[in-house]
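Subject: Structure for you to look at

Hi there,

Here is the structure I promised to pass on. Please open it next to this message, and then read on for what turned up.

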Amino acid sequence: MKNVYNFNAGPSALPKAVLERAQSQLLDFKGTGMSVMELSHRSKEYEEVHQNAIDLLKELYRIPENYQVLFLQGGASLQFSMFPLQYLKEGTVGNYILTGSWSEKAIKEAKMIGETKVAASSKENNYKSIPNFTDLQFNDNDAYVHLTSNNTIYGTQWTEYPEISHAPLIADMSSDILSRPVDIEKFGLIYAGAQKNLGPSGVTVAIVRDDLLSENVDHVPTMLRYQMHAETNSLYHTPPTFSIYMLNEVLTWVKEQGGVEEIEKRNIEKAKLIYDAIDESNGFYTGHAEKESRSLMNITFNLPSDELNKQFLSKAKELGFVGLNGHRSVGGCRASTYNAVPLEACIALRNYMDSFRKNR
Ligand SMILES: Cc1ncc(COP(=O)(O)O)c(C=O)c1O
């Protein structure tokens with residue numbers, strides 16, 4: 001089998017142990033004589049997987065009792081319209097903190113539904129940083145304040161979250177969910193596509209506070225109501241059963257590794273290797289993000305010229321590094337070091353960065 005170092009930005013690496021386990025259960029899931037994909041979503045075997053995934057996420061992420069975990073579809077992209085549809089009402093504003101392309105996409109959808117404002121933006125410095133808390137502008141009639149916890153494309157990440165009490169704080173945590181402990185109580189709603197830290201694509205996780213499940217949503221189509229998904233335990237319709245099965249396996253793996261605190265420690269160690277390669281390169285590699293806003297999940301950098309970027313990426317490909325190209329909208333290089341990327345892959349990348357610089 002070809003050995004690669006998978007630094008894909010999403011879908012991205014899954015823990016090898018999870019893939020092996022899924023492989024071993026593929027043809028006969030727990031003595032049912034069929035794969036988990038072929039089970040009824042109303043069967044006791046599937047319902048166990050489904051409930052276990054909900055319970056494990058609550059346990060690992062220390063989700064308080066007054067929050068529900070929902071399994072949705074349509075990716076984080078559908079969330080961009082789903083939450084404004086129920087919370088952005090006449091006379092209120094959706095207030096957005098813009099820190100990159102995904103926040104821009106989120107506000108674009110909300111504009112089609114109601115009034116929006118920008119609480120702060122780091123666009124003028126090419127999204128190299130996260131705004132200071134003191135720069136955030138709030139309004140009395142905020143329906144919510146929205147932020148993107150980790151900016152997958154620019155490689156920046158919030159290190160702390162503001163305390164917001166006048167309106168629910170909503171976070172797109174697609175690219176750093178479960179990468180570190182989070183004080184869930186600061187948020188009214190957290191959502192994330194699974195395909196980076198949680199499993200394969202196909203399932204979107206939402207963590208919603210109870211008070212946001214009791215809003216009047218008569219005007220919202222049934223499938224787009226959080227309330228309905230909460231009332232049916234995300235089994236109103238056929239859920240993406242295989243993705244949820246894989247999510248359950250990934251969560252089991254996180255628990256086996258020692259939980260989110262241990263995962264965070266490893267993430268810090270992995271990212272440090274690559275940031276050190278940048279910082280110790282005498283300017284050969286330049287990081288896109290300002291140091292205090294650096295992401296532990298997506299490390300973005302450039303070489304001194306486009307030509308050198310190309311050579312670096314092409315040689316990397318020959319050596320088995322996958323997914324190091326920057327996003328097509330910004331170019332350069334990006335290493336995504338999500339939870340399942342092993343330390344050895346980051347050591348190999350660090351060594352390659354050093355040797356490319358010295359031998360060019
Ligand atoms: C921060 C962030 N938000 C939203 C998305 C879009 O997610 P999806 O493809 O699940 O709609 C992505 C995808 O990369 C992302 O990184």
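Predicted model: local features only at pLDDT ≥ 70, side-chain atom pairs only at ≥ 80, totals over all residues.

Let me begin with the whole protein. Its secondary structure amounts to 9 helices and 14 strands. Along the principal axes, the C-alpha atoms fill a box of roughly 65 × 55 × 30 Å. The radius of gyration is 21 Å, which agrees with the value near 21 Å that a compact globule of 360 residues would have.

The space it takes is the second largest pocket. Around the ligand there are 13 residues, and the closest are Ser 77, Thr 152, Asp 172, Gln 195 and Lys 196. Three of these are worth a look for their side chains. Ser 77 has a side-chain N or O atom 2.6 Å from an oxygen atom of the ligand. For Thr 152, the distance from a side-chain N or O atom to a ligand oxygen is 2.5 Å. On its own the ligand has 390 Å² of accessible area, and the protein covers 85% of that.

Which helix gives the most to the shell around the ligand? That is α3, spanning residues 75-87, with 4 residues in the shell. By type, the shell residues divide into 8 polar, 3 nonpolar and 2 charged.

Finally, the backbone. Most residues other than glycine have a negative phi, and most peptide bonds are trans. Two places here are worth checking against that background. The peptide bond from Gly 10 to Pro 11 is cis, with omega near -5 degrees, and Pro 11 belongs to the loop between β1 (5-6) and α1 (16-25). Arg 62, although not a glycine, has a positive phi of about 50 degrees; this residue is in the loop that runs between α2 (44-60) and β2 (67-72).

Definitions and conventions:
Residues numbered from 1 in each chain as written. Heavy atoms only, no water. Near = heavy atom within 4 Å. Polar contact = N/O pair within 3.5 Å; in protein donor to acceptor, adjacent residues only side chain to side chain. Areas by Shrake-Rupley, 256 points an atom, 1.4 Å probe, with all protein chains shown as cover. 1 Å grid on protein atoms, 1.4 Å probe; cavity = no way out; pocket = protein on both sides within 12 Å on 5 of 7 lines; lining within 4 Å. Sits in = over half its atoms within 2 Å of the grid points. Helix = DSSP H or I, 4+ residues; strand = E, 2+ residues; numbered from the N terminus. Nonpolar A, V, L, I, M, F, W, Y, C, P; charged D, E, K, R; others polar. Rg over C-alpha atoms; globule rule 2.2 N^0.38 Å.
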